[in-house]
Amino acid sequence: MSQGKIIGKDGMSDDSQNQNNVDTTSSLNKDGGTRNPFLSSWSSSLPTNATSLVAMSPRSEQINLIRPVPAQAQAPVSVSVTTIIPNSDNFNSSGVIDSGCWPKILDDDAAIENEILRPLPTDHDDILAKVKGTGKIAVRSVTWNQQAQALPPVEELTSYLFPREYFHIVAVGTQECENSITKSIINPYKEKWERICGEALGVDYILVRGHSLQASHLALFVHKAIVNLVSNVQSHAVATGICDTLGNKGGIGISVVIGKTSYCFLTAHLAAHQNQLVRRTNEFSKISREISRALGKINVYKDGTNHTKESIESIHDDEVEGGCFEDNCIVLGNGKQKSSPCIKTMNSCFCPTCPNSLRRSCCCSNVQGEKYNPLPHAFDHVIWAGDLNFRINGTREVVDSLLFHHRHDVLIAYDQMNMLLQFETAFAGFEEGPITFRPTYKFDKGTDTYDTSPKRRIPAWTDRILYKSSPRIELLSYCSSTGVRTSDHRPVYASFQTSIEIDSNCLDGTINRRLLRSESKSEVCVIS
């Protein structure tokens, strides 16, 4: 097999015509919510205990990918790549790796064909009436590393990323947007991209908040028909780059309340390179803590009450300093007690065994407390889309061979993000839809060919969309867009149906004029 172009049209190898004969999707809504009948037939074939999988590389090397998975894993799984005696189960009688079947693509076309993604009513009053009657909001999330390349035509964006009149909310996260990371130090503004997104979505959508952190950007658009339901729009950026201050890497969050239901949309550009898994995990944790502290409410208390951010901040700083939480009261540093578990939100982290604590030094001294993710507890819905930069553990030769032979099962088993979602506490409370699309990085410009430069980067699913596990959210589609080829990354999108509670005060017909003006903020560095 040649080591040049192995991926043909639409990111598939030339002999991949058989890849669409398997119906695949993961079991969604782990917390017991209604499962999407179109997606529920997919079952994972990932190994559940110590596994040894072997691939034959184009150089005829015998390379084994070891993925030790203890039966009751309590810590992150370490993964290594080594050369050992091949496992015969993965080879045919000729000593060549067996070919597999690539799963069906869970794109918009499939969702529309199966009638789980439906267009909105044409009239604004009908749209609002349907939301009021059903309590359902359709959400689109997009992430795309643009590599600071020229933007595609508006019509192309509409066709591949922003189908009009299907969604009430559209969140667009971009990295290396408009300008390179270096140029964005001088010019971090993304007005051009915001304008193009608005044109692609059409006149029925308004930009309620845009926020850029150096070369990263997050924009939130809302359909005008539901603007009366929108309140409390806020945004915050967290830098994780040079000295944890520069925004060459970092994350952005935008929070919004729809009716009485809180949403948090995030984008991030995490540390690059194959060997930076620990740093990426730490960055994910830091962004989660600081976005929760800046934008979130805490609603996990032993007494079952739901405290807003304002009630949390009602305690004086000098009262909380040096204090500790015990049961349903707070033992303050001055010896006083408060019966209501309100907390200071500075230097926040979350300890799973002490749910009233958001302090960096938790009274429980739980070793996992620093990494436990507070975001799922701070918002009703959380959708995180970004260039998270997690890689596939393996060599370029092995990954090329597995792609050529459609060994989706093996590639997923050695995907770093997949392992972290199963075993790393920093990702507790999050899940991801089934990955049915080809790796989204790294392509030669304008082609479907993976990197042929001297660096020969290993193909990987660097661009991902995670969401809070909840019976109140349903995944409708999750795919990459192979038609947008201006960058070395492929954009990734996900569509959701989310449940909200309606506040009758929002339905009195009064237009929220403030939201009809777009608000944008730009930063280069953040000192936290």
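**Exercise 1. Strand β7 and its partners**

Which residue in β7 is the bridge partner of isoleucine 206?

*Solution.* A word on the model first: it is predicted, so local features need pLDDT of at least 70 and side-chain atom pairs count only at pLDDT 80 or more, while totals for chains, interfaces and linings use all residues. Residues are numbered from 1 along each chain as its sequence is written, and side-chain values use heavy atoms, with hydrogens and water left out.

Step 1. The bridge partner of isoleucine 206 is valine 222 in β7. Strands here are DSSP E runs of at least two residues, numbered from the N terminus, and two of them pair if DSSP finds at least two bridges between them.

Step 2. β6 (residues 205-213) runs antiparallel to β7, joined by eight bridges. In their hairpin, two residues lie between the strands, and glutamine 214 has a positive phi near 55°.

Step 3. β5 (residues 169-175) is also antiparallel to β7, through six bridges. Here valine 172 stands opposite alanine 219.

Step 4. Now check burial (buried is under 20% relative accessible area, exposed over 50%, partly exposed in between, with a 1.4 Å probe and protein chains only).

**Exercise 2. The open sheet**

In what order do the six strands of the open sheet come?

*Solution.* Step 1. The order is β8-β9-β10-β14-β16-β15, with mixed pairing. The edge strands β8 (230-239) and β15 (430-432) each pair on one side only.

Step 1. β9 (residues 250-258) and β10 (residues 261-269) are antiparallel over nine bridges, and glycine 253 sits opposite leucine 266 in β10.

**Exercise 3. Cores and confidence**

How many residues does the largest nonpolar core have?

*Solution.* Step 1. A nonpolar core is a set of buried Ala, Val, Leu, Ile, Met, Phe, Trp, Tyr and Cys residues joined through side-chain atoms within 4.5 Å. The largest has 84 residues, and Ile137 and Phe496 are among those with the most contacts inside it. A second, separate core has 24 residues, including Trp384 and Leu388.

Step 1. Finish with pLDDT, the predictor's confidence in each residue from 0 to 100. The chain averages 74, and 61% of the residues score at least 70. Over residues 298-369 the pLDDT is below 50.

Conventions:
Contact means heavy atoms within 4.5 Å. Helices (H or I, at least four residues) and strands (E, at least two) are DSSP runs, numbered from the N terminus.
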